[in-house]
Amino acid sequence: MKILAIETSCDDTGIAILEVKKEGSEAKFKILGNKVSSQIDIHKEYGGVFPALAKREHIKNLPLVLEKVFKDAKIKIENLKKEIGAIAITTGPGLEPALWTGIVFAKEISQKYNIPIVPVNHMEGHIFSIFPKKGKTFKIDSDKKIFPALSLLVSGGHTELILMKNWFKYKKIGQTRDDAAGEAFDKVARMLGLPYPGGPEISRLANEERINLIPLLLTKEKAGKRFPNSKNPSSILPLASGGGTQIQLPRPMIYSKDYDFSFSGLKTAVLYLIRDLKEKNPNILNDIKVKQKIAREFEDAVIETLVHKTIKAIKEYKIKTLIVGGGVSANDYLQKIMLKKIKENKLKIKTYFPSKSLTGDNAIMIGIAGYFGYKNKKIVKNLNSIKAQGNLSL
Ligand code: KG4
Ligand code: ZN
């Protein structure tokens with residue numbers, strides 16, 4: 001069977017066609033066609049996604065992306081009924097005007113060619129995004145021994161820890177109380193005058209600062225003597241330039257007893273830091289070294305918090321498999337520190353990150369989740385009942 005998958009929850013118009021080569025829980029898939037049309041250039045000037053524009057762009061892009069994917073998959077539109085067994089469509093969470101464009105598009109195809117629709121939760125898609133690797137075919141690890149599993153889902157709209165006793169058995173054990181991790185990256189990037197999306201930009205600067213720090217780290221002991229109360233002397237080393245300014249940001253809720261997160265206070269701490277630095281020198285942000293230092297301390301704060309809570313949950317729930325998904329899972333430092341801490345804590349678990357091309361929003365992940373939804377009889381009987389649900393939860 002073949003699945004047509006459509007994703008329009010935010011600023012990416014994604015369409016994919018997957019062929020299920022082997023059915024059942026040990027399903028094997030082949031990607032016949034896949035395209036994501038990004039709207040980044042359009043939203044860039046707003047420093048974030050502008051819903052009305054996202055809607056307009058999805059409406060314009062959907063038929064073009066579909067045509068391209070059909071061509072790649074060698075599917076003729078007149079054979080659609082014969083070729084496609086189900087349409088998987090993201091119904092939430094996300095921006096409702098954007099979600100509706102995909103839903104309306106999917107309904108039109110469904111009605112015209114009499115193909116059933118399976119609604120998909122976008123976050124469930126991010127969980128399944130770990131399976132496709134290099135090449136066009138991939139299979140699902142269906143071994144029951146992988147459970148209990150834990151999913152850390154980190155994107156522009158979400159930061160949550162999901163406990164899974166099995167596929168489709170979700171229990172949210174923690175989430176952000178305010179901003180999502182990706183949202184914080186985007187907002188801090190904006191404060192530093194960096195373009196949207198901010199995650200990759202901050203990460204790049206932070207890495208540059210880590211490289212700058214290598215010679216300084218050699219004098220870490222000296223710094224430890226100067227700041228004897230600091231747990232992490234390297235984080236309060238003076239800026240390589242910028243007037244010897246020291247930068248230290250909070251790790252909000254890192255030691256709270258629950259599995260919740262909070263990134264809004266951290267974002268405000270960066271705002272005040274920049275304000276104070278600018279009072280001393282209005283042009284301070286022209287100094288790339290200052291930006292690098294802020295980016296590194298901010299990235300450290302976010303990643304340390306995410307990793308600390310994830311490791312705590314792995315221990316408490318005796319997790320066998322860790323899945324990390326969502327846009328922020330592209331962050332190299334998150335991957336590095338997560339694997340380092342797993343090793344340091346001697347945790348014998350399997351860890352999955354999506355391949356880089358699937359960390360962001362795409363329709364392949366929606367197609368996989370849609371196939372299992374189809375198998376679990378989640379086909380929609382009445383097309384009018386399909387609604388965009390901006391706050392849909394797992
Ligand atoms: O999953 P996604 O593509 O869209 C949503 O569903 O929100 O996630 C987008 C988010 C943005 O906030 C972006 O800044 C962030 O993922 N992101 C990153 C990185 N790449 C993308 N954050 C940190 N480091 C990265 N390398
Ligand atoms: Zn997403």
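## Basis of the model

Helices (H or I, at least four residues) and strands (E, at least two) are DSSP runs, numbered from the N terminus. This is a predicted model, in which local features need pLDDT of at least 70 and side-chain atom pairs count only at pLDDT 80 or more, while totals for chains, interfaces and linings use all residues. Residues are numbered from 1 along each chain as its sequence is written, chains are lettered from A and ligands numbered from 1 in the order in which they are written, and side-chain values use heavy atoms, with hydrogens and water left out.

## Ligand 1

The shell around ligand 1 holds 19 residues, the closest being Gly156, Asp186, Gly199, Gly327 and Asn331; a residue is near a molecule if one of its heavy atoms lies within 4 Å of it. By class, the shell has 5 nonpolar, 12 polar and 2 charged residues (Ala, Val, Leu, Ile, Met, Phe, Trp, Tyr, Cys and Pro count as nonpolar, Asp, Glu, Lys and Arg as charged, and the others, Gly among them, as polar). Helices α5 (122-128), α6 (181-191) and α7 (198-217) each contribute at least two residues to the shell.

Polar contacts are pairs of N or O atoms within 3.5 Å. The side chain of His126 places an N or O atom 3.2 Å from an oxygen atom of ligand 1. A polar backbone atom of Gly199 is 3.0 Å from an oxygen atom of the ligand, and a backbone N or O atom of Gly327 also lies 3.0 Å from a ligand oxygen. On its own, ligand 1 has 560 Å² of accessible area, of which the protein covers 87% (Shrake-Rupley method, 1.4 Å probe).

## Six-stranded sheet

Six strands form an open sheet with mixed pairing, in the order β5-β4-β1-β2-β3-β6; two strands pair if DSSP finds at least two bridges between them. The edge strands, β5 (117-121) and β6 (137-139), each pair on one side only. Neighbouring strands are turned by 30° against each other on average, direction ignored (axes are lines fitted to C-alpha atoms, for helices over the stretch in contact, and angles run from 0 to 180 degrees between N-to-C directions).

Strand β4 (residues 86-92) pairs with β5 in the parallel sense over 5 bridges, and Ala88 stands opposite Val118 in β5. Helix α2 (residues 51-73) lies across β1 (2-7), β2 (12-22) and β3 (28-38), at about 30° to β2; contact means heavy atoms within 4.5 Å.

## Five-stranded sheet

The order of this open, mixed sheet of 5 strands is β9-β8-β7-β10-β11. Strands β9 (169-175) and β11 (350-352) stand at the edges with a single partner strand each, so one side of each has no neighbour in the sheet.

Strands β7 (residues 149-154) and β8 (residues 159-166) run antiparallel and are joined by 6 bridges, with Leu150 opposite Leu163 in β8. Helix α10 (residues 288-316) packs on the sheet and touches β7, β8, β9 and β10 (321-325), its direction making about 165° with that of β7.

Definitions and conventions. Polar contact = N/O pair within 3.5 Å; in protein donor to acceptor, adjacent residues only side chain to side chain.
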